[in-house]
Structure formats: structure tokens, C-alpha cells
Protein chains: 2
Amino acid sequence: MKKYSKQREIILESLRERKDHPTAEKLFMDLKKQMPELGIATVYRNLTELCEEGLITKVKSKKGPDRYDGNELPHIHFECKKCGDFIDIYLTETQIKQMHMSMKKLSTEVEAEYENSEIYLNGICKKCKKIAEKVV
Amino acid sequence: MKKYSKQREIILESLRERKDHPTAEKLFMDLKKQMPELGIATVYRNLTELCEEGLITKVKSKKGPDRYDGNELPHIHFECKKCGDFIDIYLTETQIKQMHMSMKKLSTEVEAEYENSEIYLNGICKKCKKIAEKVV
DNA sequence: TGTTTTTTTGATAATAATTATCATTTATAA
DNA sequence: TTATAAATGATAATTATTATCAAAAAAACA
């Protein structure tokens, strides 16, 4: 079994554990605490590799830089336009199958070969809704 | 009625007409032909404004820089992982309503206020499929 | 085990995309 | 008209990401 570098392990493990969707920079800053010799280039390098291998996914943000997601369960993303946070919304087996079917069908319409899809929901998250209420 | 700058008009008009999803740079180069004095900063400035006003939308690409979309009809995006092109896939009234209902419901699960959604399909486009066949 | 080869790292330079600055131009209002 | 405000375009600055490369770490070999 191939052994990966300590840096790669820690990057993947951290993304698997955390529930937010950090930018490369944020992840780097956080990991530097437990591994001060870590370099930013190593973080970017490994994130790119892990994405290519399908072990993590890159999430495109409306505003800031790209984010990274290590959540293995099937889900879609809700992005809050106030705070910029991403929230995972889980789908049931049925919902996933249904969605894939629809997407595949739509791809057929344009004679394209469908592989996968990404769904982004936009709006205001629970937390920011509450803050808005207090102000009013 | 407020009159907008010639630059802004030409940017919006161009995006409404063209069916691709150009980057700011691409749009700038193309528009420079009919308006040589145009500056890249003006293009970025107006694209940002037009997005904020909801007259156009920003499309995030898997690889390169952001793209801009002036198509007013409800549609989703298919991104070809070979050539990087974006293809619009149109939805019927029924499909849109159905989708919005599902998304709204999913947002309620996380107690968020749903506004809109974006769907990205990934795979290989018609054109690239044909090229692949020829090579084999 | 010690040595060679390969891989990966981390500092930093380079690049790419986007935004900020600001004097000048253009449009609107007085 | 002249004054005020808004938008432009050249370019500097910033941000995010990738490339370079000597050194460190790991794996393969003898």
C-alpha cells in the first residue's frame, strides 16, 4: 500500500473532519498550527491532486477564492450571500437517483455525455437571518 | 429614463446577443474592435455592476477565469471538460417550477432563506465527442 | 545497512485575474 | 453656460494560484 506524505495525510484528514469549506489559505493557516514547517505551495499542490483523484472536491464561491470540501456523503451546497458560508444539504438515495436521471436526460438533449453535476443554492443562512431580525 | 454609458450599453448588448460565455478578457478583446478606446477596467467595472443588478450572470468555470452570461431565458450550464465550452440547456416552465420547489424545500431543511439556484453539468460536449471518435 | 534514485517539500519568483487609484472625459443639473 | 457628479481608461496594486528549484524525505537498490 502506497504511503503518502505526512502533509498530504494531514490535509485530507483535516478536510474530512471539518464541516466548513475552507479556502486553501484558511486551511494552510489552521494546519500551520500543528505543523509549522508546512508551506502554502504544498497545500495548493495537494489540494489539486486530491481533487484530481476525486477524494475531495473544489467548491466555487460567488465572491472569494475557491473552497475545498472533504465531505464524502452526497450533498449539495447552500451559499449564504451575507456571510459567505457554505452549508451542506444532504440528499436521500432517491433524490440523488432522480436528479442524476434528470441531468442525464437534459445532457442528451444537447447530445453531450453527462458525467456529474453540481448544484448551488443561494440565499441567506439561518444564522444571518437571525442577525437581520435583531437589527430590525 | 436614465441613460447609461455607451460602454455599458455595448457590453450588455453584446452579452445578450452572443451565445457563448466569454471571459472578461475575451469580451474586452472582441469589443475593442468596434470601440478601440475601451479599457479593460471599464469592462470589469460594468460586468460587476450588471451582475449586481441581475441583468447578466457570472458563471464560474472549472478551470479558467470567470465567464459572463447574458442569456435571459431560464437555463442551466453544461461545461465540457475537454474544450471548456459552456452550453446552455433550457428548461420548460414545469421543470423550472418543479426545481424551485425542490430547492426551496431543501433550503427549509437547513432553515435558510432560498433565493435562487445554479446548476452545473459536467461532461463531454457533442463536438469533443466527435473528435474523440475520429481519433479512435 | 549504506548508497543511489525518486519523490515531495517549502521558500520564493512568476503569472494570471481582478480591483483600486486617479487624472481626464462625459453627462447631468443648476 | 457653468458647476457638479458620474464614468472612463491607463496603469499601479492586490489577490490567488502556479512554477521553479535546491534541499529534505522516502523508496529502491546493492
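## Basis of the description and overall make-up of chain A

A residue is called buried here if 20 or more other C-beta atoms lie within 10 Å of its own, exposed if 12 or fewer do, and partly exposed in between, with the C-beta atoms placed from the backbone. By that criterion, buried residues make up 24% of the 136 residues in chain A. The model is predicted, and local features therefore need pLDDT of at least 70 and side-chain atom pairs count only at pLDDT 80 or more, whereas totals for chains, interfaces and linings use all residues. Residues are numbered from 1 along each chain as its sequence is written, while chains are lettered from A and ligands numbered from 1 in the order in which they are written.

Chain A contains five helices and five strands, where helices (H or I, at least four residues) and strands (E, at least two) are DSSP runs numbered from the N terminus. Read from the N terminus on, these elements follow the order α-α-α-β-β-β-β-α-β-α. Along the principal axes, the C-alpha atoms of chain A fill a box of roughly 50 × 50 × 25 Å. Among contacts in chain A between residues at least 6 apart in sequence, 48% join residues at least 24 apart; two residues are in contact if their C-beta atoms, placed from the backbone, lie within 7 Å.

## Two domains in chain A

An automatic or database domain assignment supplies the domain bounds, and it divides chain A into domain 1 (1-70) and domain 2 (73-136). The centres of these two domains of chain A, taken over C-alpha atoms, are separated by 22 Å. Seven residues of domain 1 of chain A are in contact with four residues of domain 2 of chain A. On the domain 1 side of this contact in chain A there are one nonpolar, three polar and three charged residues; in this classification Ala, Val, Leu, Ile, Met, Phe, Trp, Tyr, Cys and Pro count as nonpolar, Asp, Glu, Lys and Arg as charged, and the others, Gly among them, as polar.

## Surfaces near the DNA strands

A residue is near a strand if its C-beta atom, placed from the backbone, lies within 6 Å of it. DNA strand C is surrounded by 21 residues, of which the closest are S5(A), G39(A), A41(A), T42(A) and K3(B). At least two residues each of this surface near DNA strand C are supplied by α1 (6-17) and α3 (40-52) of chain A and by α3 (40-52) of chain B, and the largest share, five residues, comes from α3(A). By class, the surface near DNA strand C has seven nonpolar, eight polar and six charged residues.

DNA strand D is surrounded by 22 residues, the closest being K3(A), P65(A), S5(B), G39(B) and T42(B). Two or more residues of the surface near DNA strand D come from each of α2 (24-34) and α3 of chain A and α1 (6-17) and α3 of chain B. Here α3(B) gives the most, with five residues, and the surface near DNA strand D divides into seven nonpolar, eight polar and seven charged residues.

## Relation and contact between the chains

Chain A can be laid on chain B with an RMSD of 0.2 Å by a turn of 179 degrees and a shift of 0.0 Å along the axis, the superposition being by least squares on the C-alpha atoms of residues with pLDDT of at least 70 in both copies. The two copies are thus related as by a two-fold rotation axis. In chain A, the C-alpha of I119(A) is the nearest to the axis, at 2.3 Å from it.

The contact takes 26 residues from chain A and 26 residues from chain B. On the side of chain A that touches chain B, β4, α4, β5 and α5 (126-135) each supply at least two residues; β5(A) gives the most, with 12 residues. That side of chain A comprises 13 nonpolar, five polar and eight charged residues. Because 100% of the interface residues of chain A are also interface residues in chain B, the copies meet through the same surface.

A nonpolar core is a set of buried Ala, Val, Leu, Ile, Met, Phe, Trp, Tyr and Cys residues joined through C-beta atoms within 7 Å. The largest has 26 residues, and those with the most contacts inside it are F78(A), L121(A), C125(A), F78(B), L121(B) and C125(B). Leaving aside neighbours within four places in sequence, F78(A) is in contact with residues of both chains, among them I89(A), L121(A), C125(A), S107(B) and V110(B).

I89(A) is found in strand β4 (residues 86-90) of chain A, and counts as partly exposed because it has 16 C-beta neighbours inside 10 Å. Not counting residues up to four places away in sequence, I89(A) touches H75(A), I76(A), F78(A), L106(B), E109(B) and V110(B).
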